[in-house]
Amino acid sequence: MSNTMIRVSEIFGPTIQGEGALIGRPTVFLRTGGCDYRCSWCDTLHAVDSKYRDEWTPMSASDILKRIDSLSGGKPLMITLSGGNPAIQPLEQLIRLGHDKGYEFAMETQGSVSHKWFSILDVLIISPKPPSSDMELDGIALFKTLQAGGYERGNGPDILLKFVVFDEADYKFAKDVASNYPHLPVYLQPGNHTVDGEADQAGLMDRMRWLIEKSTQDKWYDVTILPQLHVMIWGNKKGV
Ligand code: SF4
């Protein structure tokens with residue numbers, strides 16, 4: 001694969017962004033294939049596990065935009081770059097071409113890999129993975145990701161921190177990491193356990209209530225707690 005080709009797992013929409021700061025906002029998703037992590041509860045294994053590699057299509061930036069143009073009816077909107085880890089794909093040309101047409105770009109990444117082109121995103125959502133993922137935080141890589149997004153210069157994309165929280169240890173992790181970056185908006189969302197392929201809707205609501213009670217008891221007031229709207233509506237269904 002040439003180093004300008006982007007490995008695409010799926011392109012779908014327009015639908016709504018289901019989580020975080022852009023919740024409810026119309027968007028088209030570009031889900032890239034491949035991830036440098038393997039979280040214990042990953043719910044997008046079809047974009048992570050190399051056994052699905054044959055389903056990932058190498059596409060040029062202009063072909064991706066043509067596809068998105070056909071989905072959006074040629075009207076620009078927010079493009080969400082997701083994965084897998086989109087940060088391991090060569091996305092700079094796509095972002096530049098899309099900007100020329102009036103599209104905006106929000107990218108979500110765990111903060112393990114950084115590139116200079118993060119600075120031309122419109123929104124950079126960094127989602128460090130908590131202890132329940134069985135992944136370990138690389139604090140230096142996280143800081144480099146923030147720097148690439150212009151955290152210290154203040155002239156890059158809007159940068160947000162988002163944490164998936166399953167339990168006490170995850171909550172403490174979120175609070176500790178967030179305390180290092182007091183100027184960044186922080187979003188918490190209850191984790192989604194998959195049971196027999198289905199979203200655990202009852203468990204999600206229990207964790208949502210627990211998170212609200214926990215953070216208010218803690219007087220953690222500069223945080224936003226949101227459910228995953230798309231999971232509430234469609235469960236774990238792919239491509240919505
Ligand atoms: S970082 Fe995201 S896509 Fe990668 S394994 Fe973890 S949850 Fe899945």
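Reader: What makes β1 and β3 count as paired strands?

Author: In this predicted model, three bridges join β1, residues 6-16, to β3. Pairing requires at least two bridges found by DSSP, so β1 and β3 qualify, and they run antiparallel. One of the bridges can be named: I6 has M59 in β3 as its partner.

Reader: Why are β3 and β11 said to stand at the edges?

Author: The open sheet has nine strands in the order β3-β1-β2-β4-β5-β6-β7-β8-β11, with mixed pairing. β3 (57-59) and β11 (224-225) each have a single partner strand, so one side of each lacks a neighbour in the sheet.

Reader: How do you know that the chain is as compact as a globular protein of its length?

Author: The chain, with six helices and eleven strands, has a radius of gyration of 17 Å. The globule rule gives 18 Å for 240 residues, and the two values are close, so the chain is as compact as a globular protein of that length. Its C-alpha trace spans about 50 × 45 × 30 Å along the principal axes.

Reader: What makes a residue count as buried, and what percentage of the 240 residues do so?

Author: A buried residue has 20 or more other C-beta atoms within 10 Å of its own. Of the 240 residues, 37% count as buried.

Reader: Which classes of residue make up the shell around the ligand?

Author: The shell has five nonpolar, five polar and two charged residues. Residues around the ligand include R38 and K129. Arg and Lys count as charged, so R38 and K129 belong to that class. C35, Y37 and V48 are also among the residues around the ligand; Cys, Tyr and Val count as nonpolar.

Methods: Residues numbered from 1 in each chain as written. Predicted model: local features only at pLDDT ≥ 70, side-chain atom pairs only at ≥ 80, totals over all residues. Near = placed C-beta within 6 Å. Helix = DSSP H or I, 4+ residues; strand = E, 2+ residues; numbered from the N terminus. Rg over C-alpha atoms; globule rule 2.2 N^0.38 Å. Buried ≥ 20, exposed ≤ 12 C-beta atoms within 10 Å, placed from the backbone.
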